[in-house]
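Hi everyone, thanks for making time this morning. Let me put the structure up on the screen, and then I'll walk you through a few parts of it.

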Amino acid sequence: MQQYDQSKIRNFCIVAHIDHGKSTLADRIIEKTGLLTSREMQAQVLDNMELERERGITIKAQTVRIVYKAKDGEEYIFNLIDTPGHVDFNYEVSRALAACDGAILVVDAAQGIEAQTLANVYLALDHDLDVFPVINKIDLPSAEPDRVKDEIEDVIGIEAQDAPLISAKNGIGIEDVLEQIVEKIPAPKGDPDAPLSALIFDSLYDSYKGVIIFCRLMEGRVRKGTKIKMMATGASAEVVEVGYFGAGQFIPCEELAAGMVGYITASIKNVKDTAVGDTVTDVDNPCEKPLPGYKKVNSMVYCGMYPADGAKYPDLRDALEKLQLNDASLNYEPETSVALGFGFRCGFLGLLHLEIIQERLEREYNLDLVTTAPGVIYKVHKTNGEVIELTNPSNLPDPAEIDYMEEPIVTSEIMVTTEFIGSIMELCQERRGVYLGMEYMEETRALLRYELPLNEIIYDFFDALKSRSRGYASFDYELKGYEQSELVKLDILINKEEVDALSFIVHKDSAYDRGRKMCEKLKDEIPRHLFEIPIQAAVGGKVIARETVKAMRKDVLAKCYGGDITRKKKLLEKQKEGKKRMRQIGNVEIPQSAFMSVLKLDDRK
Amino acid sequence: MELYIHIPFCVRKCKYCDFLSMTADEETRERYVKALMGEIAYYGRHMEKKDRILETVYFGGGTPTVIGARNLIHILDCIKKCFQVKDGCEITVELNPATIDGEGLKELHKGGVNRLSIGLQSAHNEELRLLGRIHSYEDFLEVFGKAREAGFDNINVDLISALPGQSVGDYQDSLQKVMRLKPEHISAYSLILEEGTPFYNTYVNHPELLPDEETDREMYHLTKKVLKEAGYERYEISNYAKPGFESKHNSGYWKRVPYLGTGLGASSFMEGKRFKNGTNLKEYLQNWEKEDGNIVHEDRFDEFYALSRQDEMAEYMYLGLRMSRGVSIKGFFKCFGKGLFDIYGRELIKLEKEGLLLVDEEGDRVYLTDFGMDVSNYVFERFL
């Protein structure tokens, strides 16, 4: 084991707006430090989930420990803690930041500061991190490093004149970044002889080692045999192994001490026991109080997930169980739908989190899923004083029993070029936004602040935002709280039968519009039957919109040349196969796509 | 058994056609005739004599007459040598107007052909042009007249309805023009867009250019009504005939009579197996034009499929129900040793309730209603 010298440790992260080059810079840093040869470098070492690499975003925080020989001749240990890059994972980001002493701010030399840049840098400053900026993509023809430097100083108020000008993609200026890490990021503090307190910033389930806790030692030491305790969850266990993070592998060591970043394994079975933000301490010599900032993460968005093939229900249950081992923020409980059979009501941090889980279930577990429209948690205050947290619209009590309802509200920041302010404001109005204010960042760009109901932004707000600003607007939000709202349950009736999986909660002013769009959409999705099928949207039993699927008049293949019966049979089989994938509601067959189509109702471009 | 001979050549490919056909030079056509006879001779040598009795012979295409009447008769002579052609055997040749003259027709008749199937498709020249046909209505009148002169007393005429821009009146006019000629048999199909054809590419995203479903059905129902008044019975979804002139060959497909298909891409149904020749012309020629023709590779088939009991029962239903007379309940039991209702009771009851099918237990028939014919695929898939 190398010698332990706190002054030679640098714990830091990189913050940036999406696409500004955070992961690429991380790759270059790892490469330049010589732990890996260029040949060994896979593109974007840190994003190791297949899905992450495809989407180009970081979903789970990754961490790597590298050794850098600086120009002063000394060897430094860098712990680079990569943070998730999406608002759904804000809490995870905040815990990762708390494990650092400093941060590199990456800003795109052409695009300048964006909404997430601000959100992330403020988050870093809130955690008392020393932040230094780096201007990336300086080799782009549209790069304006001087303008961006001024912008960083004006808007964020941090020194930017000596910011390294780099191209992470082409490996330009990386040395400067490494030197500034040594110079500008402070060494950790903390007493290795004090009682143990370590911050959990991530955890991972491994089928051999059990839960692997990612942590930053604030005080004290931990080694094999230490009896540890998670202060918030109360779980305790004996340490089996400690170590640090090589690139893509775990390297055991004898001891972790104050200031170090590493991992602990202790035969823990469930990541629920090692919640992000919790404090690890020594059972025999506990610290006085836990580290600040722990909170229980709550799901914000819920939807129903059903196997397309009802027989796959146990497979779906097993898959969710496995995913949850690694993802404490995923919740699920069994539910049944008249339309879709047995499935689960699942809770997520946000829509991206939902999509990721859905894709992983389909890809890694080979499941064909039907997902119902995502919804938020509504608080239903009943006349008898009871308060229900409603996650499934079907469980809404009888309107007579409801006193009032509340819905979650977020405060959001939208960064947009001035030419699109009008259309973005219009979008926010349509989504029941309350205007809070606007600031000009510079002549051509402004930051809009709105309060928006969460249920208006979980479906397609981000897409609408992008399409109405030609891709220029950026967006960030955080939960503000609950507010009373006039909400109604919109039901869809197909051939006079209510389809529970299609019901959703909507503000009463949007009910008509949404109902009409749903009916139109479903009309295109439902194939013709031998009889006419009315599709109706109803609120409280009153029909507010209607469409009709006309009866089938013709389904015939007349020609059959030269006795090619096999070809005919194949056509019939194909047709039959298509119907197998449908759901029978009453005597109507509904394709699974119909259940998803309702997710994309904003047809405005 | 029945024998099908595929001639995959055309003067030009029609814009809606996705059948196996192509244009070819004379040398290729001659080589093809030789190869075809090689294939026929091979089966003649390798089949038991008792199995080599032909009830029908059918030259289909493509346009069989493109290889010339002499070649067709040449092939027919070869067939007569290798198989036993039964007395009263139905021998059909498909043809398109403007591909054969009076002499050729006489030659066919003399050579033993006793049925013709003429592809007219429409009696309107602008519609014929749109379809990419090579002939005019006048060409058709000429060939039809010459065929009668040559002595043909069993002629089918093909028509297609629901053409782009076609009105019910336009179609009715075509139909009536054909009826006035009093052919013994009429096939009336409604247009289907087949993937990969120019028609598909033009119209698949522009359904508004085609008659809508209502109009399509109106034409279809009109056909039945008008033809019935003129003494034609619908005996299959799209086929109409004067009594006694139903196509024996095509009915054989629905009745699951064994048939041998020869020629490029031809399908066969023999000994409970369905198989299909390959569709590569070069390989076909190489395989069959050798003098000995004995070395025959099994991979010459694109498909080779032995039917299970269940397949056979399903076929019995979805092929048999294409015919107006439907299927026989006793016949089913005779074939499979099981009651039709024991196997398909649930489906049959449901379909009957939906008004698609009628059961006449006394008369021993199960058959489709007119509406059942309109949505026959919906019915047939229940039996898969």
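Predicted model: local features only at pLDDT ≥ 70, side-chain atom pairs only at ≥ 80, totals over all residues.

Helix 1 of chain A covers residues 22-32, helix 6 of chain A covers residues 174-184, and their axes come within 10 Å of each other. How do they cross? The angle is roughly 80°, which makes helix 1 of chain A roughly perpendicular to helix 6 of chain A.

So which residues make that contact? From helix 1 of chain A we have Arg28(A), Ile29(A) and Lys32(A). Helix 6 of chain A brings Ile174(A), Val177(A) and Leu178(A). If you sort the residues of this contact by class, you get four nonpolar and two charged, with no polar ones.

Stepping back to chain A as a whole, its secondary structure comes to 14 helices and 33 strands. The chain has 605 residues, and 47% of them are buried. Take the contacts in chain A between residues at least 6 apart in sequence: 69% of these join residues at least 24 apart.

Now, how does chain A meet chain B? On the chain A side, 20 residues are in contact with 34 residues of chain B. That side of chain A has nine nonpolar, seven charged and four polar residues.

Over to chain B, then. Here we have 15 helices and 15 strands, and 44% of the 384 residues count as buried. For contacts in chain B between residues at least 6 apart in sequence, 72% join residues at least 24 apart.

One piece of chain B I'd like you to look at is an open sheet of three strands, in the order 13-15-14, with antiparallel pairing. Which strands stand at the edges? They are strand 13 (327-328) and strand 14 (357-360) of chain B. Each has a single partner strand, so one side of each is left without a neighbour in the sheet.

Let's zoom in on strand 14 of chain B and its pairing with strand 15 of chain B, residues 365-368. The two run antiparallel and are joined over four bridges.

Notes: Residues numbered from 1 in each chain as written. Chains lettered and ligands numbered in written order. Buried ≥ 20, exposed ≤ 12 C-beta atoms within 10 Å, placed from the backbone. Contact = placed C-beta atoms within 7 Å. Nonpolar A, V, L, I, M, F, W, Y, C, P; charged D, E, K, R; others polar. Axes fitted to C-alpha atoms, helices over the stretch in contact; angles between N-to-C directions. Parallel < 35°, antiparallel > 145°, perpendicular 65-115°, else oblique. Pairing = 2+ DSSP bridges.
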